[in-house]
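Here is a short briefing on a protein model. Look at the sequence and the structure first, then work through the points below.

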Amino acid sequence: MTTTDVNTNLKTQEYLINMGPQHPAAHGVLRLILTVDGEIIHKVDPDLGYIHRSIEKMCERDTYKQIVHLTDRLDYLSSHINNEAVCLAVENALGIEVPDRVKYIRTIMAELTRLASHQLWWGVMGMDIGALTAFMYAFRDREMINDIMEETVGARLTMNYNIPGGLMFDIHPGFQKKVKDFIKHFRKALPEYNTLLSDNIIFKKRLQGIGYISKEDAIAYGVSGPSARGSGISCDVRKIHPYSAYDKVEFNEILIEGGDSYDRYMVRMKEMEESMNIIDQLIDNIPEGDFQVKTPALIKLPKGEYYQKVETARGELGVFIISDGKKSPYRFKFRSPGFSNLSILDKISRGHKIADLVAIMSSLDFVIPDIDR
Amino acid sequence: MYDFSKMTGAIHEWLSSLMPSILVTTIEWVLIGVVFLALFAILGLVLVILERKIAGFFQFRLGPNRVGPYGMFQTVADTVKLLLKELVSTNKVDKFLYNVAPFFVIIAPLMIMAVIPYGFGLTAYDINVGLLFVMAVSSIGVVGILLAGWSSNNKYSLIGAMRSGAVIISYELSMGLSALLAIVLLAGSLNLNDIVMSQQAGWWLFRGHIPAIIAFVIYIITGTAETNRVPFDLTEAESELGAGYHAEYSGIKFAFFFLSEFVNMFIISALAVTIFLGGWLPFHIPGWEGFNNSMNYIPGPVWFFLKTGVIIFLLMWFRWTFPRLRIDQILTLEWKYLLPISLLNLVLMAFVVMMGWVF
Amino acid sequence: MNAIINYFSEVLNGGISLLKGMGITGKHFVRSPKEIITQQYPENKDTLVFGERFRAQLFMEHNDENQIRCDACQTCETVCPNGSIEVVWHREADPETGKKKKVLDKYVYHLSMCTFCNLCVLACPTEAIKMNQEFETAVYDRSELTKVLNKPGSKFSQDFVDKSLEK
């Protein structure tokens with residue numbers, strides 16, 4: 001009997017594993033029902049609903065000004081960008097043109113948020129792969145952004161800084177200096193990140209060739225954000241449909257053709273550099289002016305349908321409003337990036353091992369409240 | 001150099017003059033048992049707090065700092081907590097195997113500790129096949145891990161245990177066959193005391209130059225794998241399996257697994273010190289007579305634990321830097337890289353010894 | 001031959017990349033006493049600094065004469081998305097003008113429902129309520145999270161409002 005005969009004659013049984021809702025790699029309460037043969041994954045079946053808070057329904061109850069703070073709780077790592085999406089949708093529907101100052105500050109804040117989100121993702125990615133120290137390195141730098149946010153916005157995570165028509169407050173006097181200090185610090189810290197993980201042979205071997213997303217698949221499943229750009233799809237909303245001050249800055253859309261987990265990882269690493277470039281271009285040129293325009297106390301959108309999309313740290317967030325002319329929307333829908341990105345998980349993790357699934361999940365960068373809303 | 005066998009011999013003679021020989025043997029056994037259990041417990045406590053403190057410093061943290069000065073009694077408090085905790089188990093565990101597994105795991109390191117020379121004449125069980133004994137006994141630990149994973153009736157535990165079995169069985173090969181044998185070729189003995197004594201002219205790591213250094217590197221890698229530490233910690237693989245093979249254990253049974261992991265780390269380091277770094281011999285630089293003489297005043301056990309500490313720090317440094325390998329990559333590393341290289345190294349070492357190219 | 005060279009160069013490069021990583025962590029280990037970023041929380045309570053905009057919980061400002069700026073207009077109550085503010089009031093004739101006016105009885109604040117969105121503070125026409133920096137909001141009983149913000153006997157004062165709005 002040759003060895004191949006042994007393999008074909010061996011009967012093995014598939015079995016189910018519940019990964020989550022309480023699992024260290026689930027980053028929240030995502031439940032994955034895995035069908036595995038030994039360690040090889042045959043099927044991944046995500047089961048959602050463990051952190052469903054009916055935010056969309058709550059939006060239909062609230063007024064447009066009240067809706068904004070609910071979006072903090074979607075993708076809590078890009079809360080500022082979520083706020084911005086709703087505010088832009090409402091402003092566009094009302095035909096309000098916000099001052100340039102607002103646009104600049106919003107863009108800087110959004111990029112800071114993106115940096116903080118990517119830093120956290122990097123730390124968690126390291127932790128998922130097994131390098132526990134990376135987490136604290138990331139948090140050291142993220143803490144500086146949090147401090148900047150605390151000073152100007154008044155909150156560290158759920159910021160709620162945008163209101164329809166502008167910003168809640170003007171920036172803090174020390175804001176510009178602190179941001180510049182942070183950028184200076186982080187330009188030194190980012191190469192450290194690369195030495196610690198990106199160039200590490202074990203890390204590379206764990207990610208390269210794992211979780212390949214082809215261009216066609218990415219489009220078919222609606223993958224967006226850095227995950228899609230790792231497959232070479234140009235989908236950066238900041239470039240394609242510039243909002244706020246993105247049409248006034250020069251930056252590169254990071255595109256890597258590979259499509260595996262390591263490429264998605266590298267897209268995010270390079271995006272951090274781009275974010276710093278964007279902030280560099282804006283931080284000294286914030287124009288003088290008002291930080292908000294007056295809006296009526298009770299905003300009523302004209303009857304109709306409105307859509308606004310922005311680029312969060314995870315991908316394309318769409319806000320779709322149907323208004324019937326009342327003080328609250330008739331229907332409010334978020335097109336969250338995490339949900340579409342999750343849908344491809346089954347396809348790309350089949351045939352890989354359980355350890356790979358963890359790596360793939362972190363390379364897709366899920367935030368569960370964003371998926372579940 | 002103080003000969004500890006004089007001290008132990010004196011105790012033996014004093015006891016013999018008091019009571020019949022059977023009683024003397026029994027008392028001596030009990031004494032040795034108590035000493036080693038105490039050493040085991042102290043090592044566990046010290047290494048855990050050390051690991052946590054060092055981890056803290058690697059990560060811009062302070063580590064535990066609440067219980068006692070600098071948090072030094074944190075592990076004591078933890079042990080008391082684990083002792084007082086209820087022993088919870090699920091309904092469908094295989095009761096007998098489930099209860100017996102922690103003892104398997106803890107017995108292996110205890111037995112190996114007996115043959116390690118801590119100082120001149122300070123070995124509990126001085127046998128001429130010491131190294132062989134170490135290799136044989138260290139495989140018992142994996143039985144305990146496999147039993148724990150199997151009997152827990154938990155899929156995560158089972159996966160962890162199976163991974164552990166695969167890893168330890170393959171890594172024992174290049175560890176024993178090549179890394180350790182290379183030094184046996186140099187020393188010409190399997191007795192650990194003889195291996196230490198053969199390094200009086202200089203540690204094998206330096207005297208054996210290239211092949212010895214390669215053997216040392218391979219030994220450290222395989223040793224990390226044997227102790228299931230990062231980057232080979234896939235038996236526990238926190239982010240994949242939760243806790244791996246000891247997921248269903250609680251209280252003092254969990255503490256057994258936990259302690260044996262740390263004591264295993266000590267044993268791997270102690271063996272590395274014994275074989276490559278001259279055991280309890282003081283650090284000498286050829287030609288510096290004054291320096292060498294002053295080094296001789298530091299007693300052997302101090303040297304031994306100092307050197308072991310350095311290797312332990314190295315293992316901790318690995319743990320707090322590296323990501324974790326995947327199971328197939330670990331086996332690839334062993335079968336495609338470490339084993340061929342170490343076999344080649346063995347041949348090289350044999351050639352070096354044959355030609356007498358040893359410093 | 002090429003394969004063998006590749007094999008060994010792979011091993012070597014891999015080893016070097018690992019050593020570089022260890023260099024980074026080692027560097028920070030050596031510098032660690034200076035670089036510690038964690039805060040020793042209960043000990044450093046007195047020196048903790050928060051931005052003045054930091055939103056921890058709602059409070060109502062009282063002056064020395066136990067006067068408040070809240071005239072029970074209920075704007076905050078309507079603007080709050082979560083219903084965490086309840087304004088209890090009654091109508092009372094003003095002793096000077098004789099006009100009937102709202103008078104605040106109790107300003108009830110449910111901390112358990114608050115999401116710290118700051119809308120109430122922005123909406124308040126008299127700047128009666130503000131967010132403070134008292135972040136230690138944990139309590140032993142849920143009922144303690146329901147707070148009455150106005151002190152007993154506190155009165156609305158138009159002067160107090162004017163002074164504040166001037167600033």
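Start with Phe116(C), which is partly exposed, with a relative accessible area of 26%. Here, buried means under 20% relative accessible area, exposed means over 50%, and partly exposed lies in between (1.4 Å probe, protein chains only). This is a predicted model: local features need pLDDT of at least 70, side-chain atom pairs count only at pLDDT 80 or more, and totals for chains, interfaces and linings use all residues. Residues are numbered from 1 along each chain as its sequence is written, chains are lettered from A and ligands numbered from 1 in the order in which they are written, and side-chain values use heavy atoms, with hydrogens and water left out.

**Backbone angles in chain C**

- Phe116(C) has a positive phi of about 55 degrees, although it is not a glycine.
- Most residues other than glycine have a negative phi.
- Phe116(C) sits in the loop between strand 4 (100-110) and helix 4 (119-123) of chain C. Helices (H or I, at least four residues) and strands (E, at least two) are DSSP runs, numbered from the N terminus.
- Asn66(C) also has a positive phi, of about 60 degrees, and is not a glycine.
- Asn66(C) lies in the loop between strand 1 (57-60) and strand 2 (67-68) of chain C. Asn66(C) is partly exposed, with a relative accessible area of 24%.

**Where chain C meets chain B**

- In this interface, 19 residues of chain C are in contact with 19 residues of chain B. Contact means heavy atoms within 4.5 Å.
- Chain C and chain B bury about 1700 Å² between them, and 72% of it is on carbon and sulfur atoms. Buried area is the accessible area (1.4 Å probe) that two parts lose on being put together, summed over both.
- Tyr7(C), Met22(C) and Phe29(C) supply 35% of the area that chain C buries against chain B, more than any other three residues.
- The rule finds 1 salt bridge across this interface of chain C and chain B. A salt bridge is a side-chain nitrogen of Lys or Arg within 4 Å of a carboxyl oxygen of Asp or Glu.
- Glu43(C) and Arg66(B) form a salt bridge through their side chains (3.1 Å, N to O).
- Helix 1 of chain C gives the largest share of the side of chain C that touches chain B, 11 residues.
- By class, that side of chain C has 9 nonpolar, 7 polar and 3 charged residues. Ala, Val, Leu, Ile, Met, Phe, Trp, Tyr, Cys and Pro count as nonpolar, Asp, Glu, Lys and Arg as charged, and the others, Gly among them, as polar.

**Where chain A meets chain B**

- Here 32 residues of chain A are in contact with 25 residues of chain B.
- The area buried between chain A and chain B is about 2500 Å², and carbon and sulfur atoms give 60% of it.
- Leu132(A), Met136(A) and Ile202(A) supply 21% of the area that chain A buries against chain B, more than any other three residues.
- The rule finds 2 salt bridges across the interface of chain A and chain B. Arg326(B) forms a salt bridge with Asp356(A), with the closest N and O atoms 2.7 Å apart.

**The largest nonpolar core**

- A nonpolar core is a set of buried Ala, Val, Leu, Ile, Met, Phe, Trp, Tyr and Cys residues joined through side-chain atoms within 4.5 Å.
- The largest nonpolar core has 90 residues, and Leu112(A), Trp122(A) and Tyr265(A) touch the most other members.
- Helix 5 of chain A gives the largest share of this core, 13 residues.
- Apart from this core lies another, of 82 residues, among them Ile127(B) and Leu192(B).

**Two buried residues of chain A**

- Gln119(A) lies in helix 5 of chain A. Gln119(A) is buried, with a relative accessible area of 0%.
- Not counting residues up to four places away in sequence, Gln119(A) touches residues including Asp141(A), Arg142(A) and Phe182(A).
- Gly259(A) is found in the loop between helix 11 (237-240) and helix 12 (261-283) of chain A. Gly259(A) is buried, with a relative accessible area of 0%.
- The C-alpha atoms of Gly259(A) and Ile213(A) are separated by 5.1 Å, although these residues are 46 residues apart along the chain.
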